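Subject: Structure for you, with notes

Hi,

Here is the structure I promised to pass on.

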Amino acid sequence: MYFTLAISAATRERCAALVSAAAGTDPRVMPIPGPPAVVWQDGPTAVLCWPGPDGTAGRSHAGTIWADDDGLHARTGMTRVDPVYLAGIPGAVLVSDRASWAAAVAGRLSEPDPVMAAAFLSLGYPVGAATPFRGVRALGAQRQLTVAAGRPVMASAPGNGTRAGGSYDAVAAALVDAVRPLGERGVPVELSLTGGKDSRLIAAALTAAQVPFRARTHGFASHPDVIVAAMIASKLGIEHVVTEPRPAVPERAPDEADVLARLRSAVLVSDGMLSAFENVGRADPRLTVSPVQTGGHGGELLRGGYAPAAWSPHRPARAWSEARGTELFRRMVTRRLSLLRPAAAGAYLASLAPFAASLPRGPLRTLDDFYLVNRAGRWSAAARQAYLLREPLVQPFFGDQVVRAARAVPLPDRITDRLHRGVLAALCPELLDLPLAGSGWKSGPRIPPVRTAGPIRPADAAADWRRAYGDQMARLLRDYALDLGAAGGMFEIVRRSAAERALAPPQPDSHAAWALATLAALMSGDWLNAREGTEVSPGRSASRPARSTPLPPPA
């Protein structure tokens with residue numbers, strides 16, 4: 001894994017100055033060790049990689065950014081899980097797959113975007129084009145960018161010339177096509193297999209494509225996921241490895257160092273996009289190159305995104321569900337609006353206007369679209385990038401052809417599992433009669449699910465201290481968020497009185513508490529101390545320079 005920053009300037013001199021600035025980026029900004037290297041340069045165009053790998057030929061890790069004799073180019077797919085960020089500065093344009101690197105070179109690390117902060121608190125991830133840094137924007141879906149001499153031209157990315165047929169077979173064929181390269185590469189493949197609906201579809205696709213793989217399930221032997229995954233593995237005749245969690249340690253609470261490290265690392269590793277509530281890992285992880293990991297990540301795209309939460313069994317189902325969908329959307333995007341000052345709240349709501357305008361035409365479709373554009377395009381993109389720092393990952397459900405084929409299927413078929421069962425029938429019908437873990441299928445024969453038998457023994461319970469923590473940790477999150485938030489200007493966006501109420505122990509909304517503390521780490525610059533000890537350095541100090549990398553003057 002490496003990161004890419006490309007420069008297109010109006011002049012050779014401006015490009016050279018920006019290359020020098022990018023090469024001198026503060027290494028604390030990046031989640032893996034450098035240094036960067038120039039891998040392609042031609043006149044006013046240059047491409048740098050962090051760290052400098054061999055044989056990139058001026059192309060980014062995911063192939064989304066590249067340069068040639070015609071200039072600088074970038075392209076995004078339907079889901080945007082391999083993101084591209086754009087920053088315009090005097091005399092040049094910066095394009096990167098790392099927003100914080102673009103912000104550092106542009107001198108905008110300490111210029112927060114209120115829209116991103118508002119979405120971060122409300123939803124837990126950015127929306128639309130917003131990033132943590134004002135003036136650094138995420139490219140939209142299916143966009144083709146060309147920049148020559150610092151002048152960007154945006155267009156719709158060309159398709160592959162095929163049209164989705166809207167059938168279960170088309171989705172099945174797209175899934176097989178998405179996993180087939182794994183077999184052609186001849187690398188070991190490991191599937192994260194659960195008892196749910198999505199990972200078994202990937203198992204079926206791998207089997208249909210004749211890709212050798214083994215399955216791994218995380219859980220105790222008595223857990224429904226482990227039981228059902230073993231059934232699937234047995235039916236397919238594949239190796240199945242079970243990894244048991246470490247038993248819960250009674251009265252073991254994280255100390256201050258644990259919490260500070262988690263807050264800072266969340267910002268650094270997720271590019272400032274995700275809360276420390278999420279498990280995104282730490283900086284400088286040891287990279288495991290084999291086996292290649294795959295799983296059911298993104299299966300919600302086949303199931304209608306957020307739409308299933310609004311689906312009603314009442315007749316007529318579609319009419320009941322549409323009414324519920326409007327209310328669900330409103331509650332989802334405004335649940336923590338009271339935390340925001342009026343200007344930030346207004347800018348955030350304005351960014352949601354296209355989705356609000358589409359509600360009268362179909363709330364369920366709006367919920368499906370919102371998931372694709374924002375949950376997949378922003379949350380999954382940040383989580384995927386954090387995962388790729390540790391090991392190679394293939395996520396077939398995010399493939400353009402898979403998403404395009406699935407979205408051509410009628411939405412009720414996707415919501416009610418008819419698409420899932422149709423794909424299973426096409427790829428591996430012997431899995432159709434196996435139960436799910438925890439809940440049943442929404443369509444087809446009634447197959448009783450496998451549920452946990454009896455109460456969970458304390459020794460078998462994996463503690464989740466992100467949700468269940470005592471007053472001591474609640475006070476730590478409160479003090480950190482309020483102190484660092486004040487130093488970093490967070491209360492220019494957030495209402496301090498509302499934050500104090502949300503952070504008052506026992507903090508019933510743990511998501512809000514973690515989000516506020518993470519936002520304080522971001523805006524104060526304390527995240528730049530992710531590799532340091534426990535000392536907190538708020539404000540414009542060594543940890544929060546006015547400009548992490550000096551911006552050279554226009555040539």
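Let me start with a strand pair: V147 has P152 in β10 as its bridge partner. Before going on, the ground rules. This is a predicted model, in which local features need pLDDT of at least 70 and side-chain atom pairs count only at pLDDT 80 or more, while totals for chains, interfaces and linings use all residues. Residues are numbered from 1 along each chain as its sequence is written, and side-chain values use heavy atoms, with hydrogens and water left out.

**The hairpin**

β9 (residues 143-148) and β10 run antiparallel and are joined by six bridges. Strands pair here if DSSP finds at least two bridges between them; strands (E, at least two residues) and helices (H or I, at least four) are DSSP runs, numbered from the N terminus. Two residues sit between the strands of this hairpin, and A149 takes a positive phi near 55°. How many of the six residues of β10 are buried? The number is zero, so β10 (residues 151-156) lies largely in the open. Buried means under 20% relative accessible area, exposed over 50%, and partly exposed in between, with a 1.4 Å probe and protein chains only.

**Empty space**

Rolling a probe the size of a water molecule over the atoms shows where empty space is left. On a 1 Å grid over the protein atoms alone, a cavity is a set of points where a 1.4 Å probe fits but cannot get out; a pocket is an open set with protein on both sides within 12 Å along at least five of seven lines, and lining residues have an atom within 4 Å of a point. Grid points are joined across faces, edges and corners, and a volume is the space filled by probe spheres set on the points.

There are four cavities of 30 Å³ or more, and the largest cavity holds about 100 Å³. Its lining has 13 residues, with M1, A62, D82, P83 and Q385 the closest to the centre. That lining splits into six nonpolar, four polar and three charged residues (nonpolar: Ala, Val, Leu, Ile, Met, Phe, Trp, Tyr, Cys and Pro; charged: Asp, Glu, Lys and Arg; polar: the others, Gly among them).

The second largest pocket has a volume of about 650 Å³. It is lined by 29 residues, and G77, D82, F398, G399 and D400 are the closest to its centre. At least two lining residues each come from α4 (168-185), β15 (393-394) and α12 (400-407), and α4 gives the most, with four. By type, the lining of this pocket has eleven nonpolar, eleven polar and seven charged residues.

**Cysteines**

Zero disulfides turned up, a disulfide being a pair of cysteine sulfur atoms within 2.5 Å.

L477 belongs to helix α15 (residues 471-488) and is buried at 0% relative accessible area. Neighbours within four places in sequence aside, L477 contacts (heavy atoms within 4.5 Å) several residues, including V259, L263, Y469 and W514. L516 is 39 residues away from L477 in sequence, with 8.5 Å between their C-alpha atoms.

S199, in helix α5 (residues 198-208), is buried too, with a relative accessible area of 4%.

Cheers
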